[in-house]
Amino acid sequence: MAFQRSRNNSTETTVPHKRIEDESVIKLIYQFGRNLGKGSFGVVVQATHISTDTTWAIKKLNKEKAGSHAVKMLEREIAILKMVNHEHIIKLEEVYETTKVMAF
């Protein structure tokens with residue numbers, strides 16, 4: 001079976017990437033629950049969107065701890081996730097970024 005990716009089906013432009021001043025803005029949009037996982041530079045937490053009551057997993061990374069190389073890898077991961085649109089693969093809904101934290 002051949003796979004061909006159409007450039008017209010890219011969802012990259014439809015995933016909001018919001019630059020915010022303070023991480024507390026995210027707490028006005030999501031109610032955070034239990035930790036789902038932890039890594040060297042961040043954590044994955046369960047979060048419920050307050051207005052829609054939809055539950056998501058949010059990955060929050062400390063850009064300062066990660067360093068410039070890891071931040072570049074993170075930006076690449078986000079760019080790839082923005083292009084993915086498949087029913088059996090996680091879907092990136094939105095990205096929040098401050099000078100210190102990236103949450104998606």
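Let me begin with a term: a residue counts as buried when its relative accessible area is under 20%, as exposed when that area is over 50%, and as partly exposed in between, using a 1.4 Å probe and protein chains only. What we are looking at is a predicted model, in which local features need pLDDT of at least 70 and side-chain atom pairs count only at pLDDT 80 or more, while totals for chains, interfaces and linings use all residues. Residues are numbered from 1 along each chain as its sequence is written, and side-chain values use heavy atoms, with hydrogens and water left out.

First, the overall layout. The protein has two helices and six strands, and from the N terminus on these elements follow the order β-α-β-β-β-α-β-β; here helices (H or I, at least four residues) and strands (E, at least two) are DSSP runs, numbered from the N terminus. Of the 104 residues in the protein, 30% are buried. If we call it a contact when heavy atoms lie within 4.5 Å, then, among the contacts in the protein with a separation of 6 or more, 49% are between residues 24 or more positions apart.

Now please find Lys60, which lies in strand E4. Is Lys60 buried or exposed? Lys60 is buried, because its relative accessible area is 18% and the cut-off for buried is under 20%. Not counting residues up to four places away in sequence, Lys60 touches Glu23, Phe32, Phe41, Gly42, Val43, Met102 and Ala103. With one of these, Glu23, the side chain of Lys60 makes a side-chain polar contact of 3.5 Å; a polar contact is a pair of N or O atoms within 3.5 Å, where, within protein, one must be able to donate a hydrogen and the other to accept it, and residues adjacent in sequence count only if both atoms are side-chain atoms. Lys60 also lies over the face of Phe32, at 4.6 Å from the ring centre, and for this we ask that NZ of Lys or CZ of Arg be within 6 Å of the ring centre and within 35 degrees of the ring normal. In UniProt, an unreviewed entry lists Lys60 under "binding site"; positions from that record are given in the numbering used here, feature names are shortened, and annotations may be inferred rather than shown by experiment.

Let us turn to charged pairs. Side chains of opposite charge can pair when their charged atoms come close. We speak of a salt bridge when a side-chain nitrogen of Lys or Arg is within 4 Å of a carboxyl oxygen of Asp or Glu, and by this rule the count comes to six.

One of them joins the side chains of Lys18 and Glu94, at 3.5 Å from N to O. This pair links distant parts of the chain, since Lys18 is in strand E1 (residues 17-19) and Glu94 is in the loop between helix H2 (63-83) and strand E5 (95-97), 76 residues apart. Lys18 is partly exposed, with a relative accessible area of 35%, whereas Glu94 counts as buried at 14%. The side chain of Glu94 makes a further polar contact, of 3.3 Å, with the side chain of Tyr96. Leaving aside neighbours within four places in sequence, Glu94 is in contact with Val15, Pro16, Lys18, Tyr30, His49, Ala103 and Phe104.

Another salt bridge, at 2.8 Å from N to O, brings together the side chains of Lys63 and Glu97. Here too distant parts of the chain are linked, with Lys63 in helix H2 and Glu97 in strand E5, 34 residues apart. Both Lys63 and Glu97 are buried. Through salt bridges that share partners, Arg19, Lys63 and Glu97 are joined into one network.

Finally, look at the loop between strand E3 (42-49) and strand E4 (55-62), where Asp53 has its place. Asp53 has a positive phi of about 60° although it is not a glycine, and Asp53 counts as exposed, at 61% relative accessibility. Ile50 is found in the loop between E3 and E4 as well, and Ile50 counts as partly exposed at 49%.
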